[in-house]
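Student: I'd like to learn how to read a model like this one, feature by feature. Can you walk me through it?

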Amino acid sequence: MSFFHLKLKTRNEILFTFLALPSVIGLALFFVVPFITSIHMATIDNPVGRNFVGLYHFAGTIENFAFRMAIRNTLLFMSMSVPLNMAFALLVALMLRGVGGFGKNVLGMFFVLPLVVPSGSVVHFWRSLFGINGAINGLFFSNDPINWLNTDAALYIIVLIFMWKNVGFNIILYLAGLNLIPKEYYENAAMEGAGRVRQFFSITLVYLMPTTFMVFLMSIVQSFRAFREIFLLTGAHPHTSIYMLQHYMNNMFASLNYQRLATASYILTIGIVAVVLVMFFMQKRVMNYD
């Protein structure tokens, strides 16, 4: 019997490897290998001369004004959009958990619908609101229209677009996490005299830590993908408040400055890895209820 199970396990592992092999090859061929080979590009003077210059491009990139502005704006955008997105998603998930029947389906569809809306439609919708000829100017500033996407308010508009576009996915994750928390924990806590606030901090938040960790990582990834909407709204050279790191990298690619592009991508990777490692450490410190 044990031999049969061992043989079945081996066959399943072979089948799994065979099915996963195309994806692994594609990932290695189009992502891992180019990323590793770009180290060479980041350490030479130019694609033609190919003289080794060490960390010269890294120092130049860090000292570049446009890069610093892009880093500052990206961090500011992430520090605003990610916590707001997570907090609002958790709040809506808690509300939806207490709603049943038709109302829950309608509210869920309202928040999830933006996930399937094409980026072009998203851009057209928000431009019709905040464009120079948009509805906001038509209703409140018809005599002196404002180009909202070319002011300091553009950052808050982008944060609003990001939340509208991505909060639905985080709601789904939080709802799944909430459904995994046994109701007996709340019943026992209520019998011990714990109120809703105490239950939220002592039970809900603690047992949602794995979900919160996943939501945080996904929100970070989604915040970098917001460049698509920003680019479609404002082009390659937007207002300085929303000039993101992806703008810098895109402009370096357009100007054929592959050395600065490679160095910027590695600096970004180091930053993301550092954040993920910190989150893993914090998760292990907090998740001690097992």
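**Reading the model**

Tutor: Buried means under 20% relative accessible area, exposed over 50%, and partly exposed in between (1.4 Å probe, protein chains only). Before going on, note that this is a predicted model, where local features need pLDDT of at least 70 and side-chain atom pairs count only at pLDDT 80 or more, while totals for chains, interfaces and linings use all residues. Residues are numbered from 1 along each chain as its sequence is written, and side-chain values use heavy atoms, with hydrogens and water left out.

Student: Where is Leu256 found, and what is its phi?

Tutor: The general idea is that most residues other than glycine have a negative phi. Leu256 has a positive phi near 60°, and it is found in the loop between helix H12 (245–254) and H13. Helices here are DSSP runs (H or I, at least four residues), numbered from the N terminus. For a glycine case, look at Gly235, which follows H11 and has a positive phi near 85°.

Student: How many residues of H12 are buried, and which are they?

Tutor: H12 is mostly covered, with 7 of its 10 residues buried. They are Leu245, Gln246, His247, Tyr248, Met249, Asn251 and Met252.

Student: And which residues of H11 are buried?

Tutor: In H11 they are Phe227, Glu229, Ile230 and Leu233. These cover an arc of only 165° around the axis, so they sit on the same side of H11; the arc is that of the directions from the helix axis to the C-beta atoms. Their cover includes H5, H7, H10 and H12, where contact means heavy atoms within 4.5 Å.

Student: How do I read aromatic pairs?

Tutor: A pair of aromatic rings is described by the distance of the centres and the angle of the planes. Rings of Phe, Tyr and Trp (its six-membered ring) pair if their centres lie within 6.5 Å; planes under 30 degrees apart count as stacked, over 60 as edge-to-face and the rest as tilted. The structure holds 11 aromatic pairs. In one of them, the rings of Phe35 and Tyr266 have centres 4.5 Å apart and planes at 40°, so the pair is tilted. Phe35 lies in helix H1 (residues 2–42) and Tyr266 in helix H13 (residues 258–286), so the pair ties together parts 231 residues apart in sequence. Phe35 is partly exposed at 32% relative accessibility, whereas Tyr266 is buried at 11%.

Student: What about Phe227 and Phe231: how far apart are their ring centres?

Tutor: The centres lie 5.6 Å apart with planes at 45°, so this pair is tilted. Phe227 and Phe231 are 4 residues apart in helix H11 (residues 227–234), about one helical turn. Ring pairs also link Phe125, Trp126, Phe130 and Trp164 into a cluster.

Methods: Helix = DSSP H or I, 4+ residues; strand = E, 2+ residues; numbered from the N terminus.
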